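Q: Please give me a close look at a single residue and its setting. What surrounds the residue, and what lies beyond those surroundings?

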Amino acid sequence: NRIMPDGKTVIVPMDHGVTNGPIRGLENMQTIINKLLEGGADAMVIHKGIAKTVDTGNAGLIVHLSGSNQFSPDPNRKVRVCSVEEALRIGADAVSVHINVGANNESEMLQKLGSVADECDGFGVPLLAMMYPRGAKIQSEHDPEAVALAARLGAELGADIIKTNYTGDVGTFRKVTDGCPVPVIIAGGPRAKTDTDVIKMVCDAMTAGGVGVSIGRNVFQNDDPTRMTRALSAIVHRGVGVDEALRILGVKG
């Protein structure tokens, strides 16, 4: 109920410190969290060490259980770095795992997803699965067929919410949401060229049956993270269109 108060959600993932270190926007975690809270973020994804040192206010706390870093011999190999029980002791409202579908060690990650889902069911904890098509056989991480498979795979193995890539247009993403029996939210991906691109993508994803977003860099690296969060929340929770969202953000369409 805290993460999806009306069945929809604006989540800001900030687990990037494990992968990339203290990148721009995440130098001081409490500072950026305060800005996101002011903008109305529903939940945040952070790692256990950060969760022990910050106050996420009324926002849902999602503790991320997966990790790897950019200097690893295989950055796509996400290993388990936290248990569900440990996340609960910290105060988590939910947990998340990252699965790279098509990666060399996909089988290990799928096994992890299945076991985490079982633990979550035992504790009554919602599970967010970040399902990304990434590997030698994946020509595009936004390929509709690959994204649809990744989303369905996460749901089949027990996830309560699926985070995945937007496919680029309403028609193809509708097939992703129609084929997934649990709610689907979109990732933000790399820093977009313009804020308008982000706003349009989110509006289209909602039109296609998505229930929200989990966008990191395009929020916490924005010139005004509070206003960007507020604009995304207006799209997701109030159904405003591109023009109104850009007005909230202070950008001319």
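A: Contact here means heavy atoms within 4.5 Å. The model is predicted, so local features need pLDDT of at least 70 and side-chain atom pairs pLDDT 80 or more, while totals for chains, interfaces and linings use all residues. Residues are numbered from 1 along each chain as its sequence is written, and side-chain values use heavy atoms, without hydrogens and water.

The residue is K163, in strand β8 (residues 161-164). Strands (E, at least two residues) and helices (H or I, at least four) are DSSP runs, numbered from the N terminus. Beyond its neighbours within four places in sequence, K163 is in contact with P13, L128, A129, M130, M131, Y132, I185, A187 and S214.

K163 is buried but takes part in no salt bridge. Buried means under 20% relative accessible area, exposed over 50%, and partly exposed in between (1.4 Å probe, protein chains only). A salt bridge puts a side-chain nitrogen of Lys or Arg within 4 Å of a carboxyl oxygen of Asp or Glu. The nearest side chain of opposite charge to K163 is D15, 5.7 Å away; Lys and Arg count as positive, Asp and Glu as negative, and His and the chain ends are not counted. The side chain of K163 does have a polar contact of 3.3 Å with that of Y132. Such a contact is a pair of N or O atoms within 3.5 Å; within protein, one must be able to donate a hydrogen and the other to accept it, and residues adjacent in sequence count only if both atoms are side-chain atoms.

Next come the nonpolar cores, sets of buried Ala, Val, Leu, Ile, Met, Phe, Trp, Tyr and Cys residues joined through side-chain atoms within 4.5 Å. The largest core has 74 residues, and M14, I199 and V202 have the most contacts inside it. Helix α8 (residues 195-207) gives the most to this core, with 7 residues. Apart from it lies another core, of 14 residues, with Y132 and I185 among them. Y132 and I185 are also among the residues in contact with K163.

Elsewhere, the structure holds 9 salt bridges. One of them joins D93 and R2, at 3.4 Å from N to O. That pair links distant parts of the chain, 91 residues apart. Another joins R80 and E119, with the closest N and O atoms 2.8 Å apart. R80 is in strand β5 (residues 79-80) and E119 in helix α5 (residues 106-123). R80, at 31%, counts as partly exposed, and so does E119, at 26%.
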